[in-house]
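Thanks, everyone. Let me put the model up, and then I'll walk through a few spots.

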Amino acid sequence: MKADDPRIHWIAEPKLGLAGSMYLPLVVGGLVTTAKHLLSPKVTVSYPDQEPEIANRSIYRGVHRLNRDGQGRVKCVACFLCATACPAHCIDIVGAESPWPDREKYPESFTIDELRCIYCGMCEEACPVDAIELTSLYNLTGRSREEMVFDKEKLLSVYDATHKQEPMRSAAHKGAP
Amino acid sequence: MATVIVDGQEVELPSGSALNGIQVAKQLGIEVPHYCWHPGLTVVASCRMCLVETGRRDPATGQITMMGKLSPACQTPATDGTVFVTNSEKVRAARAMVEEDLLIRHPVDCPICDKAGECHLQDYHFEHGRDQRRADIRPFTSRRRPVGDTVTLFVDRCVMCTRCVRFTREITGTSELMVINRGSHEEIDVFPGYPLANKLSGNVVDLCPVGALGDVDFLYQQRVWFMKRQPHVCAGCATGCSIFVEENQDRVYRLKPRENAAVNQWWMCDEGRYGFAHLHSPDRMTSPRRRGDSGWADVEWSQLVVELDQQLRAAGRFAVVLSPHLTVEEAYLLACYARSVDAQALIALGPVPTEGTDETFPQGFTISAEKCPNRQGVAAIVQHFQGSLLEFAELPARMAAEGVRSLWVSGGYKTDWPATAAIDFGSELRLLIVQDLFASPLWEQATFQLPGAAFAERAGSYVNRHDRLQSFAWAIRPPAGVMVEGQLYWRLLGRPGLYQAREVLHEVARELLYFAAASEPIAETGVDLKVLQLAK
């Protein structure tokens, strides 16, 4: 875009009046804001001594989990839509024929690099069977990069640890292909 | 000359052309959706997806009379005065109705279906179907049964286009597949005890417009949208089918036939289709080595080029074996290099593996007995440089007679070197350079072992058994440690930069009369090298 493009709307800088050019009213205004916050209730928490409160766990985007179906098997059908949608390319899936007669395909391996992930939530949006969900676990730590690459078992264990306080968002939907 | 009107636009067809409504519309860039029609098979007009309004223009008055009901475009010949309307409200309603009917019995298990992403049912439904399904049916898992070793059938995904049935009846002549039951219970099946077991069976998977026929070899290996299609030429036999190499991150997942009326039409054989496992074999050789006094030593390629050149020039008389797996360009470069080292260097054609006899199917598709892609092209180069065709079998005797001290053998064979025993090249031989994909007795004899490239990693041209030259670029990069033959020969000749197959082919076309027709830009379907020879 060039500077003489007709679509550019040029705005003139507003002229400062006497009060403005003295800066004093603005300084006072700033101090008033500071004083207001000094007296109002605190919103910061002293983490890690104090845990923050998450207002709505169902929309928080923390660590992923892989949901289980009614029979405790991984719900994922290895369609690769999460891996396709992922802008950070942090999901790696190996699909295979499932060992169960009522299901055709399942993920033989499913890994997410939690360090590479940008926690955008596109994977759970893309999932046609609601198998991948983001939980409200935010304090994720590890001692090595390898440890932060979560495999299928670890992602299922996140489900086991969180499904009581954060139920599956589509428990009613059972018809997984 | 016939004038056909499609959606108000007039098309002039040359007289004698026998096109149907779908083909004529395609010439104007209008797609008439269809499932059962395929240009290589007979017309059954059973899917009803290509229903259009047809009519006729009176040549005398110019008056157009339309038919009262819709008719299938695939079955309506485009003759002079035929009128097609493919975008009217009536046609659109018919398409939506067909789509809705097909989806009543469809499992809609797209997330796990290998066809998803290249499925006609998905594409047409998106374009022509209703946005909501009125039938109260949930997605379900399709029933599945094997119909052969290479193909598995997902029964409920089928739309009963019967392309696969017609293929086994018309193209292979084996008639394994059939339709059982009637009405909405119709299913594809095989006769008990007679599975789909012909040498072209993989084609039914390509023909299937939906995900009903699955390729066992490819099943669940990769989602189709991750793969890139690279036009290439099959190296399985001397037929040289045009193919697509479908790869993702330098790994080949499947080979698909590419339409080429002059070579393979729409088909390819199973041997070629599934014959790429060697590309990613863990047994492939990946580091160049030199035999020294204290055993084998790895050598860097840049150092190797210098060393090879020095040793070959010092050794005296030189001979090279041009493998029929080399491209025309590579064979030419190696022959040029040999002659630059030794002006009388012997140039021989490598062993040509053959298996059985040529096998021709009813419609003319042939699987060649010669299991290498470029004997024709390499033989022409050997003949040009050597004066006559020096076969590999005659080489040891000629070498002994002429006192040859160094020999370069290029390979590229799918499995082992064709000869399993060690070959006696005489006591005079000081330097043996072997370039191949896999270890073999010959490989163990070598002074220099050079890992070579496989077909999908090469760039260049192959000449098939009917003298058709087809050019292609590389589809994947070779494994780490391998230098593609063309690049190595290019560097040995001291040419700057990267190996340019096209540049070399132009040089070949100028130098060799046989390749004269290849001087023009090569079409995707290749060029017939006999064209100019016949004119002479």
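Start on helix 5 of chain A, at A:E153 and A:D160: both are exposed. Helices (H or I, at least four residues) and strands (E, at least two) are DSSP runs, numbered from the N terminus.

A word on the source. This is a predicted model, so local features need pLDDT of at least 70 and side-chain atom pairs count only at pLDDT 80 or more, while totals for chains, interfaces and linings use all residues. Residues are numbered from 1 along each chain as its sequence is written, with chains lettered from A and ligands numbered from 1 in the order in which they are written.

Back to helix 5 of chain A, residues 152-162. A:L155, A:L156, A:V158 and A:Y159 are buried. What do the buried residues of helix 5 pack against? Strand 1 (64-66), strand 3 (105-113) and strand 5 (149-150) of chain A. Contact means C-beta atoms, placed from the backbone, within 7 Å.

Next, the contact between the chains. Chain A puts in 16 residues, chain B 11. On the chain A side, helix 3 (81-85) and strand 2 (91-97) are the elements giving two or more residues. Strand 2 of chain A gives the most, with 3.

Now chain B. B:S323 lies in the loop between strand 17 (318-322) and helix 8 (328-341). Buried or exposed? B:S323 counts as buried, because it has 28 C-beta neighbours inside 10 Å. Leaving out residues up to four places away in sequence, B:S323 touches B:G350, B:S410, B:G411 and B:G412.

Last, helix 8 of chain B against helix 9 (residues 375-386) of chain B. Their axes come within 9 Å and cross at roughly 25 degrees. Therefore helix 8 is roughly parallel to helix 9. The contact uses B:V328, B:A331, B:Y332, B:A335 and B:R339 from helix 8, and B:G377, B:V378, B:I381 and B:F385 from helix 9. For the angles, axes are lines fitted to C-alpha atoms, for helices over the stretch in contact, running from 0 to 180 degrees between N-to-C directions. Under 35 degrees is roughly parallel, over 145 roughly antiparallel, 65 to 115 roughly perpendicular, and the rest oblique.

Key. A residue is buried if 20 or more other C-beta atoms lie within 10 Å of its own, exposed if 12 or fewer, and partly exposed in between; C-beta atoms are placed from the backbone. Two residues are in contact if their C-beta atoms, placed from the backbone, lie within 7 Å.
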